[in-house]
Amino acid sequence: MTRVPFLDLRPSHEPLRDELERAFARTLTRSTFVLGPEVEAFEAEFAEYCNVRHCVGVGNGLDALKIILLSCGVGPGDEVIVPAHTAIATWLAVTEVGARPVGVDIEARSYNLDSALLSGAITPRTRAVIPVHLYGRVADMRAIRAVAQAHKLVVIEDAAQAHGASGEDGMAGGLGDAAAFSFYPTKNLGALGDGGAIVTNDADLAGRARAIRNYGSTRKNHHERLGTNSRLDELQAALLRVKLPRLRAQTQARRATARAYIERLDQVPGLTCPDKGAVDDAVWHLFVVQTAGRDALAAHLESRGIGTLVHYPIAPHRQPALAHLGYSEGSFPVAERAAAEVLSLPLWPGIAPSSVSHVCASVEEWFALGKLPP
Ligand SMILES: *Cc1c(COP(=O)(O)O)cnc(C)c1O
């Protein structure tokens, strides 16, 4: 059996090589490299894809979150609620604008913010909540919106892992006041470098974000507000326009792989698989299983030539960089257990069914050894 890497982006790009090269050539010929027609066209196309009115292309996903917070006037003295189990970028967006991230524990099964714990974390300083659609599964947005509305909080979706995911009230990107997407190369819609976008149905918020990404200016040499420099590259926009029309088919391929994994691994005692019921709504940025024997299972899979990763082995509140927030071990028990037990299995559009079978057989093999800690 040949090696099964954790991720292989080549099958996503090889069939598009000619089109990607033409998009590059078109941009080179035009030689407009910042805020030109490709960015404008991509913004319209991505807004349509997300079924929202406005899209603002920015430099990356972290900046998308930051610029939304700035557009909403969140800053020093404010608190922003974030899930305790997520990429550190969710928390860093809050610290970057000078506000304080306030963690809330997750639901064990979905790995998303536990909406039942939300109101307990709200203080008079709370301005916003950032639910993350982790691993490609939409958070409990209806409940989160209800609590947020009652306390007049801004709801910002961190949709960096959820391009095209569905919730009970529609698609990721349209389920809060604004949403942040990342086009980091490994994301479901990945650029050939960094990229990000803000989407929203709020024209005023979109206008403020559009100014903030470009030095606070919408009219050359006129600066109505403070801003930064975080624009989606013209070249990345041109390349993303080639990839966006393939995203639906790629999501279907991810779902087929997730279904195959679940059908085979669901019954393995000691292993927690994602919900079968989530297959057709989630977009499977990652396929994450959970077991008390995580590190030993990962080592076994490596010995069988299978790459895995952990998303994420250290919860943000346990990172030295965020020690000043005053959290400790035990602050968020469900998130801490996830950090110790989750394992991401290989999944990408184009993974061979034989590779998926090899992964499943190797997982079954390890559990049959009976080495799972009690
Ligand atoms: C990737 C990611 C981000 C940040 O995106 P970048 O483009 O890498 O800055 C934010 N939140 C989550 C959940 C992510 O997975």
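Before looking at handedness I wrote down what the word means: a crossing is right-handed if the near helix is turned clockwise from the far one by less than a right angle, and left-handed if it is turned anticlockwise. I also noted at the outset that the model I am reading is a predicted one.

**Entry 1: α9 and α12**

I began with helix α9, residues 247-265, and helix α12, residues 353-368, and found that they pack at an angle of about 25° with their axes 10 Å apart. Angles under 35 degrees count as roughly parallel, and α9 and α12 are therefore roughly parallel to each other. Applying my opening definition, I recorded the crossing of α9 and α12 as right-handed. I then looked up who makes the contact: from α9 I listed T257, A260, Y261, R264 and L265, and from α12 I listed V356, S357, V359, C360, A361, V363 and E364. Sorting the residues of this contact of α9 with α12 by class gave me eight nonpolar, two polar and two charged.

**Entry 2: α4 and α5**

Next I turned to helix α4, residues 61-71, and helix α5, residues 88-96, which pack at an angle of about 40° with their axes 9 Å apart. With that angle, α4 and α5 are therefore oblique to each other. I noted that the crossing in which α4 passes α5 is right-handed. On the α4 side I found L62, L65, K66 and L69, and these meet A89, T90, L92, A93, V94 and E96 in α5. The contact of α4 with α5 divides by class into seven nonpolar, one polar and two charged residues.

**Entry 3: K66**

Setting aside neighbours within four places in sequence, I found K66 in contact with A93, E96 and V97.

**Entry 4: H85**

Last I looked for H85, and I found this residue in the loop between β2 (79-83) and α5. H85 has 2% relative accessibility and therefore counts as buried. Which side chain does the side chain of H85 meet in a polar contact? I found that the partner is the side chain of Y135, at 2.8 Å. Not counting residues up to four places away in sequence, H85 touches I106, Y111, L134, Y135, H311, Y312, A335, A338, A339 and V342.

Technical notes. Residues are numbered from 1 along each chain as its sequence is written. This is a predicted model: local features need pLDDT of at least 70, side-chain atom pairs count only at pLDDT 80 or more; totals for chains, interfaces and linings use all residues. Side-chain values use heavy atoms; hydrogens and water are left out. Axes are lines fitted to C-alpha atoms, for helices over the stretch in contact, and angles run from 0 to 180 degrees between N-to-C directions. Helices (H or I, at least four residues) and strands (E, at least two) are DSSP runs, numbered from the N terminus. Angles under 35 degrees count as roughly parallel, over 145 as roughly antiparallel, 65 to 115 as roughly perpendicular and the rest as oblique. Contact means heavy atoms within 4.5 Å. Ala, Val, Leu, Ile, Met, Phe, Trp, Tyr, Cys and Pro count as nonpolar, Asp, Glu, Lys and Arg as charged, and the others, Gly among them, as polar. Buried means under 20% relative accessible area, exposed over 50%, partly exposed in between (1.4 Å probe, protein chains only). A polar contact is a pair of N or O atoms within 3.5 Å; within protein, one must be able to donate a hydrogen and the other to accept it, and residues adjacent in sequence count only if both atoms are side-chain atoms.
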